[in-house]
Amino acid sequence: LDDKEVLEALQTARPEANATDHDLKMILKEMGIRTWKSEAQLSLKDFIHVIKDFDCIKAWRSEGLTVGLDQKHVDTFITIWQSLARDAKDKVTVSNLQKALKNLPGANSRLSRLSALQEQGFQRIGFTQFLQIMRRSPAQQKKKQ
């Protein structure tokens with residue numbers, strides 16, 4: 001299947017997901033079976049993995065939009081989240097997240113928010129907590145405007 005056929009099959013299987021070509025390319029690249037310039041070579045197992053990832057992206061987008069983030073920021077955060085080493089429960093260790101945050105703009109404030117979650121007893125961070133860490137505080141948002 002080429003990318004267009006995979007996208008059509010995905011849209012048929014999950015019409016409510018509003019799957020885009022960009023989303024598909026992002027997932028296939030993360031799976032390591034496609035680069036931005038080459039076509040994918042998918043097995044049925046890969047296709048099922050793509051469907052599961054689209055379901056996750058839909059849920060993550062919904063969660064991000066619900067907390068007041070715009071789609072551009074949500075998609076950026078999803079890309080970062082997908083690059084992290086997550087476990088089967090879609091959580092990341094605090095130490096792995098600390099390493100990733102150190103390389104991002106606003107690292108100090110984000111690391112501070114991560115520390116606060118650690119103090120509350122979080123050992124592994126899910127997407128909900130990741131959004132709390134990544135989003136700007138109201139004061140930072142006002143400065144940006």
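What you have open is a predicted model, in which local features need pLDDT of at least 70 and side-chain atom pairs count only at pLDDT 80 or more, while totals for chains, interfaces and linings use all residues. Residues are numbered from 1 along each chain as its sequence is written, and side-chain values use heavy atoms, with hydrogens and water left out.

Now switch to a cartoon view. Followed from the N terminus, the elements run α-α-α-α-β-α-α-β-α-α. Among contacts between residues at least 6 apart in sequence, 53% join residues at least 24 apart (contact means heavy atoms within 4.5 Å).

Next, select residues 3-13, helix α1, together with residues 44-66, helix α3: their axes come within 11 Å and cross at roughly 55°. Axes here are lines fitted to C-alpha atoms, for helices over the stretch in contact, and angles run from 0 to 180 degrees between N-to-C directions. That angle makes α1 oblique to α3 (under 35 degrees is roughly parallel, over 145 roughly antiparallel, 65 to 115 roughly perpendicular, and the rest oblique). Show the side chains of V6, A9, L10 and A13 on α1, and of F47, V50, I51 and F54 on α3, to see who makes the contact. By class, this contact has eight nonpolar, no polar and no charged residues (Ala, Val, Leu, Ile, Met, Phe, Trp, Tyr, Cys and Pro count as nonpolar, Asp, Glu, Lys and Arg as charged, and the others, Gly among them, as polar).

Stay on helix α3 and pick R61. R61 is buried, with a relative accessible area of 11%. Leaving out residues up to four places away in sequence, R61 touches D23, Q71, V74, D75 and I78.

Move on to S112, in helix α6 (residues 107-119). S112 is partly exposed, at 45% relative accessibility. Draw a C-alpha to C-alpha distance from S112 to I133: the two are 8.5 Å apart in space and 21 residues apart in sequence.

Finally, colour by pLDDT, the predictor's confidence in each residue, from 0 to 100. The protein averages 83, and 88% of the residues score at least 70. Select residues 138-145, where pLDDT stays under 50. Where pLDDT is low, the predicted coordinates should not be read in detail.

Definitions and conventions
Helix = DSSP H or I, 4+ residues; strand = E, 2+ residues; numbered from the N terminus. Buried < 20%, exposed > 50% of the residue type's maximum accessible area, 1.4 Å probe, protein only.
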